[in-house]
Amino acid sequence: MEIQAAIDRYFGKGSTMTAEGSEDGSSLEIRLIGSLDLENSRSLQDLLTWIIGDQGRHADLIVDLGRVDYISSTGVGALTIALTEARKRDTSFRIRNLQPKVRSIFTLLGLMSYFEEAENDG
Amino acid sequence: MDSKAPDPTAQHLESRMSMLSLIADLCRIFAQDESEKANIVAIDSIKHSFSASAAALFYINAQQANRMCLAGMDFPISLPEERWRACVDQHAGGSRVSRFGPWAIPGIEKQLPAWISVCLYVSGDEGGYVFLGREAGDWTDIDIASLASIREAIAPIVQVRRERGIEELKRKEAERLLAMNESRLRDLFDGSRDMIYTADAGDVITSVNLSTIKLLGYTSKADLVGKQYSSLAMNPGDRSLFLAKIAANGYADDYEIVLTKKSGQSIFCLETAHALKDASGGIRELQGIVKDITGRIENERKLWKMNLELAEANLNLQKTQALMVQQEKLASIGQLAAGVAHEINNPLGFLMSNNAMLEKYFRKFNAAWLESLAARGATSAKTDDSGRINALLSESEAIFAESRDGFDRISRIVGSLKNFSRLDSGSGFDAFDLNAGIESTLIVAWNEIKYVSEVRKNLGDLPPIRAKGSELNQVILNILVNAAQALADHAKDGKGLIEITTRAEGDNVLLTIRDNGRGVPETIVNKIFDPFFTTKEPGKGTGLGLSISYDIIVNQHGGRLWVESEAGTGTTFFISLPVAGPAKPPAEDKADGGTVE
């Protein structure tokens, strides 16, 4: 299934979060836009698990959080679970462009050090 | 009896005045005082106005006791019900004034001849009954009419008084219920174990419950009332988002927000809040409940972390296992090679000596043949037979020479194989001639290299180094094969070039292997020593060769291995090895159960 179609399916209509996906060879980048509240975090977790697991054709996955204005602990959890799945399959999983307040939640949960950060855009 | 004849008009007037005055009095009394005391005052007044000898007021009080107050006494008296009923029913029937006598008030022995009585007022189910007695003379019609008119005047007052009393009771009851309710709500508010707060339209806190102070570590409600709520949030922007949600929907459920305690500590909380709107739809007040979810978050966090670490550990375990398996394989291949070489050596030995011997015999045979030809004097005539034999003999020379060459080559290959695997030196460190190792490895790798590349050697003077020769040969082989493959993929006009250089550098020896192949792109040059990293298609290489080489050079021998490459130009591998060998015991001893980093 096309990545964008999958994104739309998992986040659904009327959701307060959308995403843009772009592939470059075996590298996939997902740019999230919106709030990672409880509901959206669950959708994100399902989406990433599907991409990493069932799809499994990408060697390198990057989640861009530059336009995420709010993240709950469940959002951090969703990304951590995705990272776990990626490690199991030896897929590279990185995040980037964390806003300071988003970073603060990662740090408060003691999980920031587990994530590899890709270079931020300007 | 009075001697002077009374003036009827004046008497009448006086009487009227007196009655009016009494009515006014009674109105005042009954309007103001709802208690039994009113009755006492009233009957005193009535007795006086009517100039009665005795006056009594029979009534039932609020406690349903049958009472009677006697004018002149300060306290009412309780009567047994039948007695009370007997008096009232018998003598004070209804709205009309009754006239009777002689009679005595119960409990008072003195009988009086003339009595009038009437029901003075009705209050709900009960009534107040007046009894007036006269010692001498009789009650006049005027008296009776006066009594009746008093009754008329009093009745509404008493009615109003009663209604007011009822109202008052209701009011008190309502107040009581209200107070009870308020107390209950206050208990709910302050007793709740969750934080409950209210804030105004500007999100300034207007009230908090006790749990709020406890949760946030403040000492009194006053510390928080008047504060901007967002000042309590670790990320004030999160509060703005929350308020926007409430503004849009009127409420927001289960919103996670991190609050900061007075001590500065951050706590995860879950908030549900709603807005009260005013008539124009604007927000009048926010009311919210905030739960401390630190415990739940902690559990979730631990779980995530544990799973992540498990996955990492698992992955490392798999990689280590694969690495070990590969190393085992290589080790056993080396053993196999050495074993094969050893086995071949024997038959090769007698093949070579047989060949040499056969060559010698043929030479002798040739010499004998030439002798016999000369003896027969057949120098000139080249008969068919002798020509054929001569040809065979000279061909045989060439064949023997080729065979000798072949055997020499086999011998060299076997020697290189043995040298390469160096099993004869055991698993320990020995004096190793690096240049010799390079030479024997080249022979082993020659098949891979010969079609794609020239090899240029610049082997300097090296001291023997303390090393495990077979392992170093493995490393050299790996790099040479990689170089050859890089050159093969990158088909140039003509062959590529592999340059091998060695030289002594102080306490170390330096080996460089350079190829002019396609090079390694900058983006992956840091990864080539990672286990399982390969640019080959799946199945065409394990990606372990360089990581094992790295382990051998760096961990086992205490040396350095690094690469310089330029895409399109070529790649150079640098190996630096200490002449004296590794400083501490090699990494292989970790296999006794320590953790592998």
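Biologist: Which residues in helix 1 of chain B meet which residues in helix 2 of chain B?

Modeller: Bearing in mind that this is a predicted model, B:Ser18, B:Met19, B:Leu22, B:Asp25, B:Leu26, B:Ile29 and B:Phe30 in helix 1 of chain B meet B:Ala38, B:Asn39, B:Val41, B:Ala42, B:Ser45, B:Ile46, B:Ser49 and B:Phe50 in helix 2 of chain B. By class, this contact of helix 1 with helix 2 of chain B divides into ten nonpolar, four polar and one charged residues.

Biologist: Why are helix 1 and helix 2 of chain B called roughly antiparallel?

Modeller: The axes of helix 1 (residues 8-32) and helix 2 (residues 36-50) of chain B cross at roughly 180 degrees and come within 10 Å. Angles over 145 degrees count as roughly antiparallel, and therefore helix 1 and helix 2 of chain B are described in that way.

Biologist: What makes helix 9 of chain B oblique to helix 10 of chain B?

Modeller: Helix 9 (residues 434-449) and helix 10 (residues 469-489) of chain B pack at an angle of about 40 degrees, with their axes 9 Å apart. Angles under 35 degrees would count as roughly parallel and those from 65 to 115 as roughly perpendicular, so helix 9 of chain B is oblique to helix 10 of chain B. Helix 9 of chain B also passes helix 10 of chain B in a right-handed crossing.

Biologist: Which classes of residue make up the contact of helix 9 with helix 10 of chain B?

Modeller: The contact of helix 9 with helix 10 of chain B has eleven nonpolar, four polar and one charged residues. Among them are B:Leu434, B:Ile438 and B:Glu448 in helix 9 of chain B, and B:Ile476 and B:Leu480 in helix 10 of chain B.

Biologist: How do you know that helix 7 of chain B is roughly perpendicular to helix 11 of chain B?

Modeller: Helix 7 (residues 294-375) and helix 11 (residues 545-556) of chain B pack at about 80 degrees, with their axes 11 Å apart. Since 65 to 115 degrees counts as roughly perpendicular, that makes helix 7 of chain B roughly perpendicular to helix 11 of chain B. Here B:Leu323, B:Gln326, B:Gln327 and B:Leu330 in helix 7 of chain B meet B:Ser547, B:Ile548 and B:Asp551 in helix 11 of chain B.

Biologist: How many helices and strands does chain B have?

Modeller: Chain B has eleven helices and 18 strands, and of its 597 residues, 37% count as buried.

Key. Residues numbered from 1 in each chain as written. Chains lettered and ligands numbered in written order. Predicted model: local features only at pLDDT ≥ 70, side-chain atom pairs only at ≥ 80, totals over all residues. Heavy atoms only, no water. Axes fitted to C-alpha atoms, helices over the stretch in contact; angles between N-to-C directions. Helix = DSSP H or I, 4+ residues; strand = E, 2+ residues; numbered from the N terminus. Left-handed = near helix turned anticlockwise from the far one by under 90°. Contact = heavy atoms within 4.5 Å. Nonpolar A, V, L, I, M, F, W, Y, C, P; charged D, E, K, R; others polar. Buried < 20%, exposed > 50% of the residue type's maximum accessible area, 1.4 Å probe, protein only.
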